[in-house]
Structure formats: C-alpha cells, structure tokens
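Hello,

Here is the structure I promised to pass on to you. Have a look at it first, and then read my notes below.

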Amino acid sequence: MQLLISSAMLVELQQLALDAAPAETCGILFGEDGKVSGYRAAQNVADDPSRHFEIDPAILIETERDSRNGGKPILGYYHSHPVGPVRPSITDAESAAPDHRIWLILNGRDAAAWRAVEDGEIYSRFDAIVLDCFGANGQTVEE
Ligand SMILES: [Zn+2]
C-alpha cells in the first residue's frame with residue numbers, strides 16, 4: 001500500500017498548509033488505487049483550528065453524495081499540523097473511522113500518509129503507508 005501524488009500537487013497542499021498557519025488546513029483527497037487525482041479544500045470548522053481540524057460538514061456531505069452518484073471517488077483526507085510532526089495525533093485517531101481511507105498529514109515541509117484501519121499500529125487506528133511523489137513526466141522523484 002502506498003500513496004502516490006504528483007510533486008506539483010504536494011507543493012500546492014504544502015502551500016495551503018503554510019497559508020493557513022497557525023490554523024490547520026484540511027480537505028478531501030480524490031483518487032483511486034492509492035493515487036491522488038485531485039483535492040477539494042475545505043474550511044476547518046473546529047472550535048480551536050490551531051489545534052484540531054474538522055472538515056466543514058456541508059462540504060463533506062456534498063462531496064460524499066457526489067462521489068456516490070458517479071462523481072470523483074474519495075480517496076481520503078488531508079490536514080496540516082502547523083507545529084507538530086506529520087504523525088496522527090490521538091485526536092486524529094479518535095475522530096477517524098476505520099474506513100481504510102488515506103490520511104495525508106502535512107506541515108508545510110514534511111508530509112506523511114496513513115491509512116485508517118481497525119487495528120492500526122498508531123493509536124490502534126492508523127497504519128503508516130509509503131508516500132511517493134511523481135514528477136510532471138510521470139517519473140518518481142527523490143525527496
Ligand atoms: Zn491531526
């Protein structure tokens with residue numbers, strides 16, 4: 001299992017993370033078979049957006065409905081940890097359903113991908129997966 005994302009898209013998401021700081025940025029990832037095809041930025045409606053994130057439920061509901069009705073498949077979610085490591089927090093684990101979706105966590109510089117599962121290695125909810133980038137010409141690029 002790995003998450004494949006274009007380096008250009010990852011740069012965009014890192015910029016969103018930097019722009020949102022000190023708040024956490026968040027949104028939905030589209031794609032299939034572990035490959036990100038696009039994303040939808042969402043408002044972070046958490047009570048304290050500098051410490052937590054909550055994707056605007058209206059966006060979440062609308063996107064889930066579109067996806068079920070033949071729209072873009074939802075691969076997972078992204079959010080940022082402006083001051084912390086790109087590792088799921090215990091709050092992330094508590095709010096994650098074990099639905100096998102991908103969680104991409106960024107901090108403006110680093111990024112890591114996780115999968116929400118039933119008996120994960122991190123807080124019993126997430127497994128680490130490989131994050132791989134490809135360049136404009138489709139080649140895998142080094143970090
Ligand atoms: Zn988090």
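On the face of α1 turned away from its buried side sit the exposed residues A8, V11 and D19. Please keep in mind that this is a predicted model. The buried residues of α1 include L13, A17 and A20. They lie on the same side of α1, because they cover an arc of only 75° around the axis. Among the elements that cover the buried residues of this helix are β3 (35-42), β4 (74-80) and β5 (102-106). The length of α1 (residues 7-20) agrees with expectation, because 14 residues at 1.5 Å a residue should span 20 Å and the end C-alpha atoms are 20 Å apart.

Next, the core. The largest nonpolar core has 30 residues, of which I28, L29, Y78, W103 and L104 touch the most other members. At least two residues of this core come from each of β1 (2-6), α1, β2 (26-32), β3, β4, β5, β6 (111-120) and β7 (124-134). The largest share, 5 residues, is supplied by β5. Beyond its neighbours within four places in sequence, I28 is in contact with residues including Y39, R40, A42, I55, T63, I74 and Y77.

S67 belongs to helix α2 (residues 57-68) and is partly exposed, with 15 other C-beta atoms within 10 Å. Setting aside neighbours within four places in sequence, S67 is in contact with K72, P73 and I74. From S67 to F30 the C-alpha to C-alpha distance is 9.3 Å, and they are 37 residues apart in sequence.

Best wishes

Methods. Residues are numbered from 1 along each chain as its sequence is written. This is a predicted model: local features need pLDDT of at least 70, side-chain atom pairs count only at pLDDT 80 or more; totals for chains, interfaces and linings use all residues. Helices (H or I, at least four residues) and strands (E, at least two) are DSSP runs, numbered from the N terminus. A residue is buried if 20 or more other C-beta atoms lie within 10 Å of its own, exposed if 12 or fewer, and partly exposed in between; C-beta atoms are placed from the backbone. Two residues are in contact if their C-beta atoms, placed from the backbone, lie within 7 Å. The expected span of a helix is 1.5 Å times one less than its number of residues. The arc is that of the directions from the helix axis to the C-beta atoms. A nonpolar core is a set of buried Ala, Val, Leu, Ile, Met, Phe, Trp, Tyr and Cys residues joined through C-beta atoms within 7 Å.
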